[in-house]
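This report covers helix packing and aromatic contacts in one protein model.

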Amino acid sequence: MRGTDETSGSLFSYVDLEERIPARHPLRKIRRVVNDALVSMNAEFDRLYAADGRPSIAPERLLRASLIQILFFVRSERQLMEQMQCNLLFRWFVGLGIDDPVWVATVFSKNRDRLLTTDIAQKFLAAILSHCEIAPLLSDEHFSVDGTLIKAWASMKSFQPKPEQEAAEPGGGPDDPPAPPPSAEAEPTETKPEPAPMTPPKPRTRNAEVDFRGQKRSNATHA
């Protein structure tokens, strides 16, 4: 039997955002770490806001929304608000219910900027890095980079010969001792006129093919 393509509005909504998000979605672990960091900053938030007056946007939601904007490369706050109107994942991560109104983009930007002008952003990142699930992943003894970048930086084809005068001077290489400072009794040298500015070379898309077999290359002769 063919189903009908008819849309009827619902008087009540029974959508539970928690059940709409997959159990193994990576944002679940990120949100748990972020929430723990925000709970530890509760006293900092209390000192920033006055006890009386009209309630502002919750600082926890401001930081979650800013984080979701970074993670999903949303170009502007206005586009972020448009995404939160229809994206259940964004609503769940920020903490908005299915029926909660989305903020005006200018109001969100003003509240967010006022919050981040303090040292809250630095303390927020510090709280995340000190989390029990994140701290074991950090180390001062090593770092990680893309292997393709190392291969590009270490390419022998990128070595260019130094000028003969520079290569002959002591201290030309990083392993050589530094050159002694000039003597105070040295004769004054004549000032030479400044050379004409050189035209910048045209950028190349890749290094030219070079046959360097049989050549000796070191930091003293090449750079």
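The structure contains three aromatic pairs. The model is a predicted one. An aromatic ring also takes part in a contact with a charge: the charged end of R31 sits over the ring of W92, at 5.1 Å from the ring centre.

**Helix packing**

Two packed helices are described by the angle between their axes and the distance between the axes.

| Helix pair | Angle between axes | Axis distance |
|---|---|---|
| α2 (residues 26-40) and α8 (residues 120-129) | roughly 120 degrees | within 9 Å |
| α2 and α4 (residues 59-71) | about 145 degrees | 11 Å |
| α4 and α7 (residues 105-116) | roughly 100 degrees | within 10 Å |

**α2 with α8**

The axes of α2 and α8 cross at roughly 120 degrees. That angle makes α2 oblique to α8. The crossing of these two helices is right-handed. On the α2 side the contact is made by V33, V34, A37, L38 and S40, which meet F124, A127 and I128 of α8. By class, the residues of this contact are seven nonpolar and one polar, with no charged residue.

**α2 with α4**

Helix α2 also packs against α4, and the crossing of α2 and α4 is right-handed. Here L27, I30, V34, N35 and L38 of α2 meet E60, L63, R64, L67, I68 and L71 of α4. The residues of the α2 contact with α4 comprise eight nonpolar, one polar and two charged.

**α4 with α7**

The axes of α4 and α7 cross at roughly 100 degrees. Angles of 65 to 115 degrees count as roughly perpendicular, and α4 and α7 are therefore roughly perpendicular to each other. From α4, the residues P59, L62, L63, A65, S66 and Q69 meet F108, N111, R112, L115 and L116 of α7. This contact of α4 with α7 has seven nonpolar, three polar and one charged residues.

Note on methods
Residues are numbered from 1 along each chain as its sequence is written. This is a predicted model: local features need pLDDT of at least 70, side-chain atom pairs count only at pLDDT 80 or more; totals for chains, interfaces and linings use all residues. Side-chain values use heavy atoms; hydrogens and water are left out. Rings of Phe, Tyr and Trp (its six-membered ring) pair if their centres lie within 6.5 Å; planes under 30 degrees apart count as stacked, over 60 as edge-to-face and the rest as tilted. A charge sits over a ring if NZ of Lys or CZ of Arg is within 6 Å of the ring centre and within 35 degrees of the ring normal. Axes are lines fitted to C-alpha atoms, for helices over the stretch in contact, and angles run from 0 to 180 degrees between N-to-C directions. Helices (H or I, at least four residues) and strands (E, at least two) are DSSP runs, numbered from the N terminus. Angles under 35 degrees count as roughly parallel, over 145 as roughly antiparallel, 65 to 115 as roughly perpendicular and the rest as oblique. A crossing is left-handed if the near helix is turned anticlockwise from the far one by less than a right angle, and right-handed if clockwise. Contact means heavy atoms within 4.5 Å. Ala, Val, Leu, Ile, Met, Phe, Trp, Tyr, Cys and Pro count as nonpolar, Asp, Glu, Lys and Arg as charged, and the others, Gly among them, as polar.
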